[in-house]
Amino acid sequence: MSSAESARRRVFLQAMAFLLPILILAGLVAVMVADRSPAAGSPVQGQAGVGDPYFGDYGSSGYDALSYQIKVNWDPGSETLTGDTTIRARASQPLAAFFVDLALDVQRITVNGAPADFARTGFQDVRVTPSRPIVRGAMFSVMIGYHGKPGSLHHGRTSGFYAADGEWTFAGEPESSAWWFPANDHPSDPALMDVSVRVPAGMDVISVGRLKSRDAADEAGFDTWHWVADRPMATYLNFISIGQFEIEQGTTGRLPYVYAVSEKLSPPQRRQLMVALRSSGRVLTMLEQSWGPYPFTAIGGMVPVADLSFGALETQTRPVYRAQTMLKPGQAERVIAHELGHMWFGDNVTMRQWNDVFINEAYGAYSAWLYDEKVHAEDPNRQLNDTYAHYAGNAGFWRVTMIDPGVPHLFDQVYERGPMALQALRNLIGDDAFFRFNRQWAQTPGTRSTEDWIRVAQAATPVDLRPYFDAWIYGDQAPAETRANGFRK
């Protein structure tokens, strides 16, 4: 080795002696950073909210709720609810903490049987910190004990609670569960529901699914009503109504039914409303001809005395109806057709985000059009043309799109634009393709988006539907009356 080479080697060794500790330290830091990433399995906190573009605080990230066992006690004297709800869930990421949605006061929380820390961070956001982190993919259970006065809760949006004349109803859209049970309160996370409500003897409780027993606890002076839903549902599709009701039970076809009407309504009103509810089985059979087999194992309907802020709500298997709406001449069966249509579109297939309301309400409204077609021989194409003519000159009406209606218009234009759009599609692709793809869509349970619907609709026909989608779903002005847009005189 030459002296020059020897000198170069000394310089290299000196440089390495200086750089090696730095490189080792950098490597250790890189490993530590990598170990902190969720992908590497380090626990992180789930988010309060699932990222819904309209309601950012709804729901919680980091887990999938599988079932709710809801046990509540209602004190009618103080209008206080006390509850214990157990949530069974699966972690979709490693969790150091996560959130549940509940507006009532939390008293205690356990995770997998061990006490957990908790803190309220918003109107209905409760952060839960388990004693031990939860690994990704693990099943876990959360038990929440809570109490409070639902009537004192005000959020600035539609209330999920109604009190009227010694009767109490917990129901609403887009929110209601926060007033009576903790949940991952977003339609993207349906789960099974088991509901038990303890009330003073002589009071009735109506809820979703099958009535398993009227006095599950067998206590003197109290009755515990136990309802079980055997198909997953979004949280807003669950409800309870407490009071005194005229109740009818039986079987229509293969399905057990429970119909209930408030005893606070007058006897003539109760008779009229019960006659209307009894038509549910017949209306459902008619809808099965279009949408395929009914996706649930029970049917029903209930009418409280409260003047609800909605005309009716598609609570799963047992819609809640506003008495004033149902008592209007000629309206009851059309409203029932709308709500039962939701059992396929909105309940069995649930919107992924609230801006996907088109795939719920367009079909609910169109189910009422189908009722008119089958029962009154009313041409749905004429309904399309008449409704279009009524709104043609109203620029503000058309400015609300079906792909992104916005929170202020979430529940208005879709009830007219929606069924018009569906009839236009039916005109374009024909009855066979229209009903075939809709039956396939409705018979496959899960959460989906309007964008999913667009892809499935296009796949169902060789007709190029891009002009139709641009006009009816994305468009913010009245569609041109062309054949490409589904118009047929």
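User: Let's begin with the sheet. In which sense do S3 and strand S9 pair, and over how many bridges?

Analyst: A quick note before that: this is a predicted model, where local features need pLDDT of at least 70, side-chain atom pairs count only at pLDDT 80 or more, and totals for chains, interfaces and linings use all residues. Residues are numbered from 1 along each chain as its sequence is written, and side-chain values use heavy atoms, with hydrogens and water left out. Strands (E, at least two residues) and helices (H or I, at least four) are DSSP runs, numbered from the N terminus, and two strands pair if DSSP finds at least two bridges between them. Here S3 and S9 (residues 139–148) are antiparallel, with ten bridges. Thr-86 sits opposite Met-143 in S9.

User: Now helices. How are H3 and H5 oriented to each other?

Analyst: Packed helices are described by the angle between their axes and the distance between those axes. The axes are lines fitted to C-alpha atoms over the stretch in contact, and angles run from 0 to 180 degrees between N-to-C directions. H3 (residues 280–291) and H5 (residues 332–344) pack at about 50 degrees, axes 9 Å apart. They are therefore oblique (under 35 degrees is roughly parallel, over 145 roughly antiparallel, 65 to 115 roughly perpendicular, the rest oblique). Contact means heavy atoms within 4.5 Å, and the residues making it include Leu-287 and Trp-291 of H3 and Ile-336 and Trp-344 of H5.

User: Last one: is Asn-438 buried or exposed?

Analyst: Buried means under 20% relative accessible area, exposed over 50%, partly exposed in between (1.4 Å probe, protein chains only). Asn-438 lies in helix H9 (residues 414–443) and is buried, at 0%. Leaving aside neighbours within four places in sequence, Asn-438 contacts Trp-291, Phe-345, Tyr-363 and Trp-453.
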